[in-house]
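Open the model in your viewer and keep a residue selection tool to hand. The stops below say what to select and what is there.

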Amino acid sequence: MAAIGKRKRISHLLTNNITSNNGAASSARSHDPRHAEEGGSNGRFVEGSIVRISLENFLTYDSCEVYPGPNLNMIVGANGTGKSSIVCAICLGLAGKTSVLGRGDKVGLYVKRGFSKGSVEIELYRHEGNLTIHREIQVENNQSTWMINGRHANLRNVEEVVKGLQIQVGNLCQFLPQEKVGEFAKMTKIELLEATEKSVGPPEMYNFHCDLKNFRSKERELENICKEKTSFLEKMNQRNERYKQDVERYYEKKRHLDRINMLERKKPWVEYETARKQLEGVKSERQQVKADLKRLKDEQAPIQHKIQTIEAQLKPIESRMKDKTSNAKDVSQKLKNKQEQLDRKRKEIEDLQQALSLKQTEELDRQKRISNTRRMIDDWRAELDKIGSQDDVQPRIDNINRQLRHIQEEKANIESERTDLKREKVNHECEWTRLKNIIKNLDDLMNRKEEKLRERFRDTYNALMWLRENRDLFTGNVYEPMMLVLNVRDGRHAKYIENHVALNDLRAFVFQKHEDMERFMTEVRDKQRLRVNAVIAPAQSCANKPPPRPIEELQCYGFFSYLRELFDAPEEVMSYLCHQYRVNEVPVGNERTKAMIEIVIKESQLRQIYTAEEKYTVRKSSYSNKTISSNSALKASQFLSLTVDADERRQLEEQLKATEQKLHTLDSQLRSLDERHSQLDRKDNELRNEKKVLSEQKGRKRQLEQKISTKMDSLKQMEQSGINLQEEEELTKEKIKTVNSQKVNIVSDFVRLMEERAQLNMDKVYLALESVQLTAEKTKLETNSREGSTQLHILEQKCTELDRKKITLLNDCKALMKKAREICNLDPGQSDVPQDLHTAFSQLPDTLDEIDALLHEERSRADCFTGLNASVVEEHARRTQEINNLTQELEEKKNALDKYRQSISQVKERWLNPLKQLVEQINEKFSDYFRSMQCAGEVDLHSDNEEEYDKYGIRIRVKFRSTTQLHELTPHHQSGGERSVSTMLYLMSLQELNRCPFRVVDEINQGMDPVNERRVFDIVVRTACKGTTSQYFFITPKLLQNLTYADEMTVLCVHNGLHMLPPSKWNLKAFQRRTKKIQQNYGT
């Protein structure tokens, strides 16, 4: 770094007043910054620049005042000294949100530990007088108290004042804290455009952009409304045309209905006249019928007298015929009874004869059985004589029994041995199934891990699928993402691995050779556009590198293992983790470790420690040599809790293979036993058959003797049970003779009753002949009388019908007259048709048939006009009015749309042209900066559709190698250092277009390589130190040697240590005098 004496502006040194282990800094300045607006050779502050920052009990500071310069302010200090605390103070002191900083979400967390409140005071430059904003933060309730120039204010007042000075701490183009550096590259083109407009554009540019987006939204809304209303108007016109036709049809139907009404009014009059004429005709016909009826009645009187005389003679004859019929019926019933008695006697004789026949058959069967039994006994006796001596049979049977016992014993042994083998086989099969299920469960765990990878990191999963299909493209070992190949031995320990290894590395592919990784990244990242991570394993393996000391030495503190011993991994993967994350040096403890954590930190000299639920990081201050520790709670495991023990799986597979071999051996032994068992079964069957034959020979003689004895007993019984057929025949004949005697008596009674019934029937016939003669005479008289009676009856009916018809017609006439009066609205006494109706009636038919025909025709025509009523006319008129209103409304909307389009055109011209010029200026600076670094970059205004104002964005494209093309700046395509360079140069491109009073960039050079860092630093100094630029804060923990500095720079060095002077005792001039004295003494 250049010597202090060689610069006009002296760097301000921030000193530290230590009251605890945490450092805090304060500052002093060689001149009074409150008079910074007086200028001088140091340049002028722009409106809203920061001239003073005062901190009290804020983060690492007890008390501190910082006096930045008007141009480039470089805040330098080692990590942990409090550089970013100044950035936090600027943000929170100017009403910024804690979310902008990406640290704690509660403002109380920014108060120094051990204090109940802290404060931030920022003094801003203004031409009419500086503005001081004071914020006091309460830890207890996370509330803040605000003051502006010593007067109490609220948050809204502060935000309005800050906004009026064009300060935007939420805009990454103006305020880029350390935790948000990576988010700049993640900004979309649209977000980057809006941030740029707010940062360097004219005040009205962003407002114009918002107006255009609102105008475009309203324009689309009006266009949609106009389209909808136009479409609706067309449909209404079409519908109204249909209604117009309905109206014409309605009036045509009304004409038909009017004619139907007139026909219905004339019809009752025509009906009345027709009915009146019919009534007159009925009266005349009735008088004639009555005269004919009187004449016929006089002619029929003598014939009726003769018929009555014959009827008186027929009555006694019919009475005697009924008596004869009744007597004949009684005799017939007696005959029926006698016939039934004869049938019963005949059945009794048949039963006696059948019983005798059965006894004869039974005796014949007995004789046959006796004969057959004697023949069987003779045959058995002959066979018994043939059977000789059987002395050798029993020894042969005994020999066979011995052989059978021997076979049974051998079979029992085989069966026992086979049972043991089967039991052993079942046990091995169960073991085989158990091992198979365990291996399947382990495979399922791997599938679940892959499914979790697919859900959370789809690009990584797609790259994994491609790798599995193309492994032959690689010459060295390539390992799948670490979260798949790492196998935690105990799932409870997965949280330690996940909290220790970064998530990006957990989903990274591990390569043995660099050219394999280049080939892989070219395919999946450049061609397939997948966001994946890849790492190279160290050339020299670190997988088996021993820990600095055995774990046994640390067990007294509760440590039970190093991280490396908690999981299994392939050698290259383990080597990378040991090299990158020192997993072989980080111990894991338990609750005991947590309880004695201070002793552990003090005595163990460990840099990183894990307890049951927390992670501790320990380091030594480079200033005070004191030990500083920080702790954080462990996050729950998400990926590695599903564990698969590789050794266990290998052992399981070996056990499965041994079990399968054992099962094959057992199957062979069982087959051999089954064959031997079958041979013994065949031998057993042969011996048993031979024994059966011998046993049958031995028992045959005894069996024959028993059968002969049994049959002899049966023969004696059959011979003693004989029947005397002669006695049975004599007894049956006597019984039949007695029955026949009884039948003779019954037949005598039957003949007598037959004769009696015949006499009754003869008497009945004589009476019937006499009755027929009288009936014939009566019929003749009735026939002669019937013709006159028929005519008489017809006339009586006709006369009755005419009376009824007369009454009906008379009532009809009255009803029709009443109906005619009512339908024509006439008075009750009026019977003549009015003249106006008479004229109308004269144009209509005069007969009912013609009227009915015409009515039918008119009704048919009227019925053709269906669905029509008076509402059709009203609806047509209403819709016509609606169409007129809608046409007027549509015209108003179109006029409004034209006005919006005119407004859009005017605002667009006032927004787009300056924006293009602004982007062109940014692009010119950005391209120049990249050319100066032997790289290429450009910035352009990008939009897929010129009319979609919410889709406009700023696109940054860069290339850092001559062999590649320009690529859009994204969070994934460029490396971290390349993104940092691009971000820094873009911010510097905005610096000379200053509309904001200051910019803050915190530790953006951390990821840069030395060459790019030097180039970027030169550009920052050259740009930010121009007199026309706004204030710039550049925070960095380290600087390269021999950098180029400018007189306009202000270097703020942040120190941290035990022996720092308090702010009240620090004097820059005294420090300068002492420095000069030391230099002079050293020079002498």
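This is a predicted model: local features need pLDDT of at least 70, side-chain atom pairs count only at pLDDT 80 or more; totals for chains, interfaces and linings use all residues.

Select Val-510 and Val-535: Val-510 stands opposite Val-535 in strand β14. Strands here are DSSP runs of E with at least two residues, helices are runs of H or I with at least four residues, and both are numbered from the N terminus. Now show strand β13 (residues 508-511) with β14; the two run parallel and are joined by four bridges. They belong to an open sheet of three strands in the order β11-β13-β14, with mixed pairing; two strands pair if DSSP finds at least two bridges between them. β11 (478-479) and β14 (533-536) are at the edges with a single partner strand each, so one side of each has no neighbour in the sheet.

Residues are numbered from 1 along each chain as its sequence is written, and side-chain values use heavy atoms, with hydrogens and water left out.

Next, select the six strands of the open sheet β4-β3-β6-β7-β8-β9, whose pairing is antiparallel. Its edge strands, β4 (61-66) and β9 (151-153), each pair on one side only. From one strand to the next the twist averages 15°. Within the sheet, β7 (residues 131-138) and β8 (residues 143-148) pair in the antiparallel sense over six bridges, and Glu-136 stands opposite Thr-145 in β8. Helix α3 (residues 155-164) packs on the sheet and touches β7, β8 and β9; its direction makes about 50° with that of β8. Helix α1 (residues 83-93) lies across β3 (50-58), β4, β6 (117-124), β7 and β8, at about 105° to β3.

Move to Lys-338, in helix α7 (residues 301-386). Is Lys-338 buried or exposed? Lys-338 counts as buried, because its relative accessibility is 19%; buried means under 20% relative accessible area, exposed over 50%, and partly exposed in between (1.4 Å probe, protein chains only). Its side chain makes a polar contact with the side chain of Asp-749 (3.2 Å). A polar contact is a pair of N or O atoms within 3.5 Å; within protein, one must be able to donate a hydrogen and the other to accept it, and residues adjacent in sequence count only if both atoms are side-chain atoms. Leaving aside neighbours within four places in sequence, Lys-338 is in contact (heavy atoms within 4.5 Å) with Ile-746, Asp-749, Phe-750 and Leu-753.

Now select strand β26 (residues 1050-1054). Five of its five residues are buried, so β26 is largely enclosed by the rest of the structure. Thr-1050, Leu-1052 and Val-1054 point one way, and Val-1051 and Cys-1053 the other. Strand β5 (residues 72-76) pairs with β26 in the parallel sense over four bridges, and Ile-75 stands opposite Leu-1052.

Last, select Tyr-986, Tyr-1032 and Met-1049, which have the most contacts inside the largest nonpolar core, of 58 residues. Such a core is a set of buried Ala, Val, Leu, Ile, Met, Phe, Trp, Tyr and Cys residues joined through side-chain atoms within 4.5 Å. Helix α21 (residues 870-932) gives the largest share of this core, 11 residues.

Notes
Axes are lines fitted to C-alpha atoms, for helices over the stretch in contact, and angles run from 0 to 180 degrees between N-to-C directions.
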